[in-house]
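Here is a quick walk through a two-chain model, written for someone who likes cut-offs spelled out. Have the viewer open as you read.

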Amino acid sequence: MFFLTYLRRELRRRMRQAVFIALGLALGIGLVVTVTAASAGVKKAQADVLKSLYGVGTDVTVTGPAPKQHSPSSGPSKEGQTFKLGPGGAQICQNGKCHSAAGQTIDNLTASNYGPISQSKVAAVAALKHVKTAAGGLALTDMGVKIPKNFGGPSSQPPTPNSFNVNGVDTSHLSLGPLSAGTVTSGRSLTGADAHSNVAVVDSGYAKTHKLKVGSKVSIAKHSFTVVGIVVQPQSGSPPDVYIPLARAQALATAGPSGKSLRNEVNTIYVAATSAADVAAVQAEIKHLLPGDTVTTAASLASQVTGSVSSTAKLANELGRWLSILVLIAAFAVASLLTMAAVSRRVREFGTLKALGWRSSRITAQVLGESVAIGILGGAVGVALGFAGSAIITSVAPKLTATIASSTGQHVVMGGSGGQQSFSPTVTHTVAVPMSASVTAGAIVVAVLLALAGGLLAGSFGGWRIARLRPADALARVA
Amino acid sequence: MYQLTNVSKLYAKGGRTVPAVRDLTLAIADGDWLAVQGRTGHGKSTLLNLLGGLDRPTSGSVELDGRDLARLREGQVTRLRAESIGFIFQTFNLVPTLSAAENVETALIPLHVGAAERRRRVEAALDAVGLGDRARHLPGEMSGGQQQRTAIARALVKEPKVLLADEPTGNLDEDTRDEIINLLEKLWRERGLTLVLVTHDSAIARRAGRVGVMSKGLLTIQSGTRPDPATDPVSS
């Protein structure tokens, strides 16, 4: 075919220029592919973290409002438990009355992150129009600490608290909530028959750290729970350490600083929408039903995750995207300018072809063909560069970390000559997430489209120049 | 065949209008050989461009077989050029990346001739100009004379009615010049072509049936004195 013969010969003649243009496009396209792959990798890492937090099948979570913190200047709290350090030594204040804490063991199960929601609201949420099902849960923290007898003395060391997350699971709705995402690796999961039993399923990471196995005992709020199963979450996000039946959690837990019992209360409602398209509607309906509570979707939860996974997401999405766009614009501009220059050098050739009876459209098609061929070459090299870039990122990128902060539920007041200071110890859960950049089919499609666009854009400029070329002028210019 | 009536072509140059061709009326019959002489810048090439439909007159009409090129749409003029008019340029104007055969083939592309027929006609055209054995050579691998022969083959492969040659020997040495002019004359005679040839060379012009001299855009036709090419080789 003459078109291809002419195209091949012309590209061979200006091989260097063609390679230069193709490499420019390849660089831009390679960057786009790499950034897209990195971005997809980060999104997957985020999704894995969120999945372990959120549970499989959960579209919306509802959490009670964060409880008000006790003011240090107002003296011991009238309700709940406060641990106080001062000149008189360590004191535990319960419902406004304080006594020495020396030698005592504190083991409290509290809900300090979220305020309580009446369990009746779970049924109300489940009855909403776009809701498929809803389950209540309790996100709790067990804080255990043994106070040394000489604590508060001149040479005493502060006690080391043992804190872990406990999740009260509605055993009649095991398909929702954090436990739903896990895989039981040993023993069994919770069942409906466990509703009022002191049994627990333990996260594999926590079990490993604390050498727990099926049959081991775990102390929660001074009660002994038997481990019936070990569960592993699909990704090492920030899963609860221990899962216990909701009814037991309600019986043992108190509501943070207030110290109120959580019987017939939950602090989290896991909601599944009838379809993914209904998530926004469900969110709106629940906000209307429970105006004081926090309604969270996976999208909004993602913004609460910090750490390098979040920074990398920002880097990939913002800097990476803009860098790719800039390089692409530069590559397209260079390709267009060089094509225009090539057309200028070939004015006599095109004028002659017009004199021979070639239509402008035919000559333009020839130039477009050359540009698109260069674009396709650039696209192919760009995809290869993208694969290489992704492989490099996967092999050299450090593990990303996702950090989710949560309060321990304890309130510590420090006394001294400078007055009282108080704080609520915060536990941050930092998890390592492997960064895996993988080139998707979508990224390759984008690369091919960009390559074609680059070629067509550059060729169009050349074609526009050719269309304006009058044969007499073209021939006179070189005659 | 050609009928030019009151043709003028004006160019704007530096804020003023320059007439390249002025009020030209001319008839060129089928099979005529008209040589056009004149000094550089006096309108010879402009006349050739008007005859070839590469440019349009500012006023007047340029009729080829009764069709006014000035009134035809661009696509129609392009089609007419593709079918009926062959061009030969001083600088050969071959596509440097294409072989001799492929360069000749470019003239058949707009006519949508099938590949096999193209090959046959290209081969015949190259044989006619004595380049049958150079079909695969690139322009850069051929001498000036061979390149011009290739250009002649390209002009003739589509079997045009008209051959327009703009200084076809201007870039050639004397021997090659004679060779090319003899070839053109032979083809003109054998094929019954209408040949309009622009040249500075009086010896070449004398070979034509009619000689016109362009001066300041005005054409003066003189009758030709055709010597016998066998006994009177071209000399300047």
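In which sense do strand E10 (residues 199-203) of chain A and E12(A) pair, and over how many bridges? They pair in the parallel sense, over five bridges.

Before going on, some ground rules. This is a predicted model, where local features need pLDDT of at least 70, side-chain atom pairs count only at pLDDT 80 or more, and totals for chains, interfaces and linings use all residues. Residues are numbered from 1 along each chain as its sequence is written, while chains are lettered from A and ligands numbered from 1 in the order in which they are written. Helices (H or I, at least four residues) and strands (E, at least two) are DSSP runs, numbered from the N terminus.

**Strands around E12 of chain A**

Two strands count as paired if DSSP finds at least two bridges between them. E12(A) spans residues 223-232 and pairs with strand E9 (residues 183-187) of chain A. Here are its pairings side by side:

| Strand of chain A | Sense of pairing with E12(A) | Bridges | Residue opposite one in E12(A) |
|---|---|---|---|
| E9 (residues 183-187) | antiparallel | four | A:Val184 and A:Val231 |
| E10 (residues 199-203) | parallel | five | A:Ala200 and A:Val227 |
| E11 (residues 217-220) | antiparallel | four | A:Ser219 and A:Ser224 |

E11(A) and E12(A) also form a hairpin, with two residues between them. A:Ala221 sits in that turn, in the loop between E11 and E12 of chain A. Its phi is near 50 degrees, a positive value in a residue other than glycine. For context, most residues other than glycine have a negative phi. Is A:Ala221 buried or exposed? A:Ala221 counts as buried because it has 21 C-beta neighbours inside 10 Å. The cut-offs: a residue is buried if 20 or more other C-beta atoms lie within 10 Å of its own, exposed if 12 or fewer, and partly exposed in between, with C-beta atoms placed from the backbone.

**Helix packing in chain A**

Now for H10(A), residues 360-396. Its axis and that of helix H1 (residues 2-13) of chain A come within 10 Å and cross at roughly 60 degrees. Axes here are lines fitted to C-alpha atoms, for helices over the stretch in contact, and angles run from 0 to 180 degrees between N-to-C directions. H1(A) and H10(A) are therefore oblique to each other; angles under 35 degrees count as roughly parallel, over 145 as roughly antiparallel, 65 to 115 as roughly perpendicular and the rest as oblique.

The H1(A) side of the contact is A:Phe3, A:Tyr6, A:Leu7, A:Glu10 and A:Leu11, and H10(A) brings A:Gln366, A:Gly369, A:Glu370 and A:Ala373. Residues are in contact if their C-beta atoms, placed from the backbone, lie within 7 Å. By class, that contact has five nonpolar, two polar and two charged residues. For the classes, Ala, Val, Leu, Ile, Met, Phe, Trp, Tyr, Cys and Pro count as nonpolar, Asp, Glu, Lys and Arg as charged, and the others, Gly among them, as polar.

H10(A) also packs with helix H11 (residues 441-467) of chain A, at an angle of about 150 degrees and with the axes 7 Å apart. H10(A) and H11(A) are therefore roughly antiparallel to each other, and their crossing is right-handed. That contact has 18 nonpolar and 13 polar residues, with no charged ones.

Chain B has seven helices and 10 strands. Of its 236 residues, 48% count as buried.

How many residues of chain B are in contact with chain A? The count is 23, touching 20 residues of chain A. Helix H1 (44-51), helix H2 (74-84) and helix H3 (100-105) of chain B are the elements that give two or more residues to this side. H2(B) gives the most, with five residues. The side of chain B that touches chain A splits into eight nonpolar, 10 polar and five charged residues.

With 12 C-beta neighbours inside 10 Å, B:Asn6 counts as exposed. B:Thr150, in helix H5 (residues 144-156) of chain B, is buried, with 27 other C-beta atoms within 10 Å. Not counting residues up to four places away in sequence, B:Thr150 touches B:Leu94, B:Ala100, B:Asn103, B:Val104, B:Leu131 and B:Met142. The C-alpha atoms of B:Thr150 and B:Leu131 are separated by 7.5 Å, with the two residues 19 apart along the chain.

How values were computed. Contact = placed C-beta atoms within 7 Å. Left-handed = near helix turned anticlockwise from the far one by under 90°.
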